[in-house]
Amino acid sequence: MSALISTAVERRPAAIDISRPVLYGFAAVLIVLIVLPMSWLLVYSVTDRTGALTLDNFFRLFSESAFLDPLIATFIIATSSSFFCCAVAAPMGWLVARTDMPVGGVIRVLVTASFVTPPFLGAIAWELLAAPNSGLLNKIFRAVTGAPQEESLFNIYSLGGIIFVVSCYTFPYVFVLVANALDRTPGELEDASSILGGKRWYTARRITIPLVLPALLAGALVAFLQAMTLFGSPAILALPAGFHTMTTKIWSLFQYPPKPELAAAAALPLLLLTIFLLRAEHMILGRRGYSVVGGKYGAPRLIALGRWRWPALALCLVVLLNPVFLPYAALFNAAFAPVASHFLTFSNFTLHNIEFVLFELSATKLALRNTVILGTTTATIGTVLALVIAYVTARKAVPGYRMLGFLATAPIAIPGIVLGVGLFLSYTRPPFILYGTLWILLIAFLTISLPSAYQQLQAAFRNIHPELEDASRILGATRLQALRQITAPLLRTSVIATWCFVFVGVMRELSAAIILFTSETKVISVLIFDLNESGDLGAISVIGIAMLVITFAVVILVNRIPGFGVVGAGRLRT
Amino acid sequence: MRKPTFSRRDLLKGTGALAAGAAFSTRVSAAATPASAITPALIEAAKKEGKVIYYTSVDLPLAEKVAKSFEAKYPGIAVRVERTGAERVFQRISQEYGSNIHAVDVVNSSDAAHFIVWKRQGFLAPYVSEDVAKFYPAEHKDVDGQFASFRVWLCIIGYNTDLVKAEQAPKSFADLLDPKWVGKIVKAHPGYSGTIMTATFQMQRDIGWDYFEKLAQQKIMQVQSSADPPKKLALGERAVMADGNEYNMFQLKEAGRHVEIVYPTEGSPLIIGPNAIFKAAPNPNAARLFNSYCFSPEAQQLIVDTGGLRSMHPSTKEKAGRTPFKSIKVMKDDAAAVEKLSEEIKTRYTKIFKV
């Protein structure tokens with residue numbers, strides 16, 4: 001044994017440890033990815049057409065109502081969506097994680113289904129359901145109550161409608177955070193409270209709620225940021241309602257003649273607000289990470305709901321009607337009905353839309369191909385990138401690892417459309433002329449998905465003790481070998497989950513793609529957006545359903561790769 | 001992924017200098033614009049290229065029908081349709097050309113003013129098909145042979161017959177200002193649609209901005225494409241459309257949807273949608289073949305019969321049951337004026353309608 005070690009040690013100088021250069025390479029890549037577009041954004045926002053320094057762009061931004069009104073609308077939408085998401089997701093997360101409510105696993109899967117649904121597709125589905133006159137729900141309402149044609153129960157083309165739809169597809173973020181936090185909450189603390197005479201409600205108030213409060217706060221913030229930076233849903237619903245949000249305004253500044261300097265200036269408040277909120281979260285939460293206190297705790301105690309078990313389940317299902325059941329029913333209806341607003345019957349069933357999408361629409365194949373290529377490459381490269389950075393920061397492998405971790409998290413502060421503008425400004429000029437290729441979209445999607453991939457994998461690394469790697473390194477392996485041979489296999493479940501998460505994220509992404517696509521590099525989300533503008537709802541429904549099927553197929557397929565474990569689909573962690 | 005093509009410097013050299021265009025073309029002389037026939041050599045060369053990229057603003061299903069009929073006639077040449085609103089097509093091309101990306105072969109836009117700009121920028125290749133040379137009226141083709149009117153139609157009022165009785169339907173733009181239409185009108189956007197840009201120009205000239213300011217008080221539903229208001233009527237989402245494509249209304253009406261056309265008494269804005277080939281087209285031969293096909297009696301009759309468009313090819317026949325083009329009072333088109341005013345129109349419209 002000692003001979004073996006000594007030969008290994010002797011051999012060591014020969015095997016050059018390339019980990020440092022590789023890690024510095026990663027740092028350089030990250031800097032280019034993030035710093036370059038942000039710098040151009042800044043430069044554009046403070047210069048005029050001739051390149052002279054000016055603050056005029058910001059002056060216009062804050063003096064013209066064309067910019068101020070969208071800012072206010074965005075703030076209202078983000079605040080209220082965040083509130084509603086928490087109000088719905090927190091009780092649901094508790095029911096699923098901490099009570100004996102039946103089929104909690106199914107509820108988790110259904111929440112995942114609403115997460116997988118792109119928000120713009122959800123918005124279109126809700127147009128079909130709740131447009132004031134042609135919406136299916138309003139039609140049912142009139143048929144049941146005999147109300148006149150002028151009356152409607154819902155109007156999706158309104159501020160309230162947008163808040164509702166945005167909440168539908170943002171609440172999974174809060175749900176997952178809260179449910180995961182509750183899953184990890186140690187049961188002993190609650191037991192202790194009960195033993196000392198605390199009643200159930202008292203225990204909940206003094207023990208459970210404080211323990212999940214950080215997760216809830218983080219959820220509220222994520223929901224706010226998502227709602228603020230969302231592009232698809234407002235673009236589909238706000239314009240018919242007659243107003244702009246910040247994201248749709250930025251996008252409209254790219255219409256002919258494009259005003260990139262104003263778009264850059266309009267993007268900066270979004271960026272600054274995001275950074276400010278993230279700092280605020282950090283300050284409020286501080287070191288309050290109760291739930292990760294070590295030691296071996298028992299599984300959390302499930303609360304017996306008694307006769308409330310089934311009503312609780314019914315409540316969850318009613319909530320899930322909104323993001324999942326109703327929208328998909330509406331899309332299915334529109335895919336096969338002759339007119340999207342007519343109810344499907346056996347006599348009016350038609351395959352016209354399927355035929356059109358598959359055999360006539362010449363953009364389908366290209367967009368599908370681009371989307372799948374981008375989805376798989378982004379997921380693969382993104383996971384590898386996140387894996388390496390998470391390793392370095394978790395093991396403190398190189399000096400300056402903190403900086404690397406910061407760089408990997410930084411894009412979370414960059415809304416998709418802002419990134420799109422920044423990348424457009426950066427990569428339409430030398431030395432990197434990438435606009436018009438899939439590369440620019442790959443960079444955009446990588447940057448967008450990096451923070452969440454990094455956070456998931458970093459959490460995974462914390463659970464694996466470094467002693468295994470140390471053993472490998474003592475036996476002569478370089479860092480990279482140890483990483484590949486020891487750590488990677490132990491991480492495979494998390495890696496697969498991260499891969500799927502990034503893949504789904506690419507399928508959902510519209511806000512950066514809408515700025516960066518060209519006819520050759522169109523993706524499905526942009527195709528759907530185009531079809532919506534000319535009102536081809538039947539075709540959208542077919543593509544939307546196909547997109548969902550592809551997403552699920554890929555996620556299932558990846559989970560079935562031999563040698564990899566099956567992850568709980570409902571436990572995607574943000 | 002990008003096609004190898006001319007450098008930006010090559011393009012700049014060519015800008016404005018029509019004669020330089022000859023340097024770019026191979027088979028067909030571009031300097032003069034004699035009629036070009038569809039020769040076996042052209043078909044052969046086009047087949048070698050195998051595809052043609054068609055940027056258009058015509059309603060997508062119709063664009064795909066034209067594409068499919070071309071593919072049936074010339075097997076082995078695939079048409080890829082890139083459909084979006086005319087103003088978006090224009091923005092897309094300027095953004096792509098600004099980045100030296102030459103993806104478009106043939107373009108069709110519902111804003112005829114765009115062709116004036118492209119021609120001035122030296123982007124277009126002169127090409128006159130035999131049909132255009134022989135049959136098309138002079139006012140529907142460019143003097144330098146760079147574009148010609150592929151399609152003509154009107155921007156009109158319409159209503160849903162389930163929601164509005166014929167005798168109560170609006171007869172004029174002025175009728176739309178009646179308080180009874182509050183919250184019941186759908187309207188498309190000139191920042192997206194070339195049809196609406198052209199129509200807004202003609203209407204502000206003939207009936208004034210005052211009309212739009214009053215219309216904005218009617219709580220209209222704002223959509224983007226001029227193909228969308230007819231579809232919103234068919235859905236039953238709104239009772240009346242303040243503007244939209246006549247050709248979509250023909251299609252929907254003839255498919256049995258409950259919609260009806262109104263030609264406003266003030267006159268219907270006349271919209272012209274030319275076709276042109278780009279000088280830097282990646283598939284120049286397929287582009288010429290496709291463009292020739294677009295102006296053939298066969299394709300023109302197709303866009304009339306199934307598309308509901310009007311054709312300037314004298315050999316086409318109007319479909320029975322449709323109001324003959326000659327009998328409709330139309331507003332006068334003026335692409336040159338639209339080109340000068342388009343920026344102002346977009347700004348003013350956004351101010352009035354808030355989006």
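In which sense do strand β8 (residues 157-160) of chain B and β12(B) pair, and over how many bridges? They pair in the antiparallel sense over four bridges; two strands count as paired if DSSP finds at least two bridges between them. This is a predicted model, in which local features need pLDDT of at least 70, side-chain atom pairs count only at pLDDT 80 or more, and totals for chains, interfaces and linings use all residues. Residues are numbered from 1 along each chain as its sequence is written, while chains are lettered from A and ligands numbered from 1 in the order in which they are written.

**Strands of chain B**
- Strands here are DSSP runs (E, at least two residues), as are helices (H or I, at least four), numbered from the N terminus.
- An open sheet with mixed pairing runs β10-β9-β11-β8-β12 in chain B.
- β10 (221-222) and β12 (259-262) of chain B each have a single partner strand, so one side of each lacks a neighbour in the sheet.
- B:Gly158 has B:Ile261 as its bridge partner in β12(B).
- β7(B) pairs with strand β13 (residues 270-278) of chain B in the antiparallel sense over seven bridges, and B:Leu154 is bridged to B:Leu270 of β13(B).

**Contact between chains A and B**
- The contact takes 34 residues from chain A and 45 residues from chain B, with contact meaning C-beta atoms, placed from the backbone, within 7 Å.
- On the chain A side, α12 (232-241), α16 (352-360) and α25 (524-533) each supply at least two residues.

**Confidence in chain A**
- The average pLDDT (the predictor's confidence in each residue, from 0 to 100) of chain A is 85, and 91% of the residues score at least 70.
- Over residues 1-14 of chain A, pLDDT stays under 50.

Key. Two residues are in contact if their C-beta atoms, placed from the backbone, lie within 7 Å.
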